Amino acid sequence: MHSTVQQAHRVVAEIRTALEEKKYCSAVFLDISQAFDGVSHEGLTFKITKLLPQSCVADNSLGRAKKYMEVSGRPGPAEFISPPWSRFVDSYNMTWKVMSYPPLQEVRLLYRKLLMNDTFQQPGRWHDVILTPSPRTSPEPSEHIMSFHLRGLQPSSVYEGIVQAKNRYGWNEVSDIFQFYTQRSSNEHRVEDMELVASSTSRSRGSSVVKKMISHHPILLGLVALLLTVSQGGV
């Protein structure tokens with residue numbers, strides 16, 4: 001960690017370097033230590049939106065670049081925190097979190113099944129679910145964690161879902177697509193079980209072939225008997 005004095009020297013050095021090279025130098029200072037929860041979030045958002053530039057321009061000898069930024073009180077995009085593999089054959093418990101200082105007013109969940117085979121992947125129809133958020137349970141003041149149990153799904157299938165949240169400032173951006181999978185039904189063999197069955201079948205078939213070869217060749221039968229005698233200490 002750097003001290004306040006070191007940070008002040010670094011800022012002064014950045015300003016001096018920019019002046020010597022005849023460049024623009026812009027800075028934004030926010031002091032939110034032990035004060036942010038006591039101020040009006042609406043007023044702070046309004047002042048930041050009005051005072052901060054809506055775009056930033058950077059140029060050097062190679063050219064110029066311009067970027068835009070937006071400051072708002074809308075929620076951040078949803079982040080899925082549940083594992084992609086369901087424990088059930090026909091349902092899935094989806095969990096996500098959203099960052100928002102104001103309470104969430106509405107959450108929209110959409111999910112659909114992917115129709116897949118060896119040659120193509122085709123999405124199905126979206127199912128729309130509107131949720132009313134409950135009071136936040138996370139210790140973080142701006143973190144909202146929500147779950148919803150999707151039922152009536154197909155076994156051994158691939159699904160994808162997206163989430164969008166709304167507070168008093170409006171809707172956030174739609175989340176990234178999240179894929180999840182349901183378990184196989186009880187009458188379907190798992191890959192591990194099929195490998196075990198194939199392995200045991202191969203071993204049984206191999207031993208039966210060896211027995212058939214020995215029974216039809218007296219010389220082999222005599223060699224086997226001699227080897228057994230030697231291994232038992234008879235010779």
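Which residue forms a salt bridge with R112? E160 does, and the closest N and O atoms are 2.6 Å apart. The views below are of a predicted model, in which local features need pLDDT of at least 70, side-chain atom pairs count only at pLDDT 80 or more, and totals for chains, interfaces and linings use all residues. Residues are numbered from 1 along each chain as its sequence is written, and side-chain values use heavy atoms, with hydrogens and water left out.

View 1. A salt bridge is a side-chain nitrogen of Lys or Arg within 4 Å of a carboxyl oxygen of Asp or Glu. E160 is in strand β9 and R112 in strand β5, so the pair links distant parts of the chain, 48 residues apart. Strands (E, at least two residues) and helices (H or I, at least four) are DSSP runs, numbered from the N terminus. Both partners, E160 and R112, are buried. Buried means under 20% relative accessible area, exposed over 50%, and partly exposed in between (1.4 Å probe, protein chains only).

**View 2. The salt bridge of K97 and E143.** The whole structure holds 4 salt bridges; in one of them the side chains of K97 and E143 meet, at 3.7 Å from N to O. K97 belongs to strand β4 and E143 to strand β8, so this pair ties together parts that are 46 residues apart in sequence. K97 is partly exposed at 23% relative accessible area, whereas E143 is buried at 14%.

**View 3. The salt bridge of K23 and E21.** The side chains of K23 and E21 meet at 3.2 Å, N to O. K23 has 48% relative accessibility and counts as partly exposed. E21, at 47%, is also partly exposed.

**View 4. The open sheet β3-β4-β8.** In this order, 3 strands form an open sheet with antiparallel pairing. Two strands pair if DSSP finds at least two bridges between them. The edges are β3 (79-80) and β8, each with a single partner strand, so one side of each has no neighbour in the sheet. Between β3 and β4 there are 2 bridges. E79 has K97 of β4 as its bridge partner.

**View 5. The largest nonpolar core.** A nonpolar core is a set of buried Ala, Val, Leu, Ile, Met, Phe, Trp, Tyr and Cys residues joined through side-chain atoms within 4.5 Å. The largest one has 20 residues, and M94, W96, V107 and F180 make the most contacts inside it. At least two core residues come from each of β4 (91-99), β5 (106-116), β7 (127-131), β8 (143-151), β9 (158-167) and β11 (178-181). The most come from β4, which gives 4.

**View 6. F180 and its aromatic surroundings.** Beyond its neighbours within four places in sequence, F180 has contacts (heavy atoms within 4.5 Å) that include P84, Y92, M94, L150 and Y159. The structure holds 5 aromatic pairs; rings of Phe, Tyr and Trp (its six-membered ring) pair if their centres lie within 6.5 Å, with planes under 30 degrees apart counted as stacked, over 60 as edge-to-face and the rest as tilted. Y159 and F180 form a stacked pair, 5.7 Å centre to centre with 15° between the planes. Y159 lies in β9 and F180 in β11, so the pair ties together parts that are 21 residues apart in sequence. Y159 is buried at 5% relative accessible area, and F180 is buried at 0%. One aromatic cluster is formed by F80, Y92, Y159, F178 and F180.
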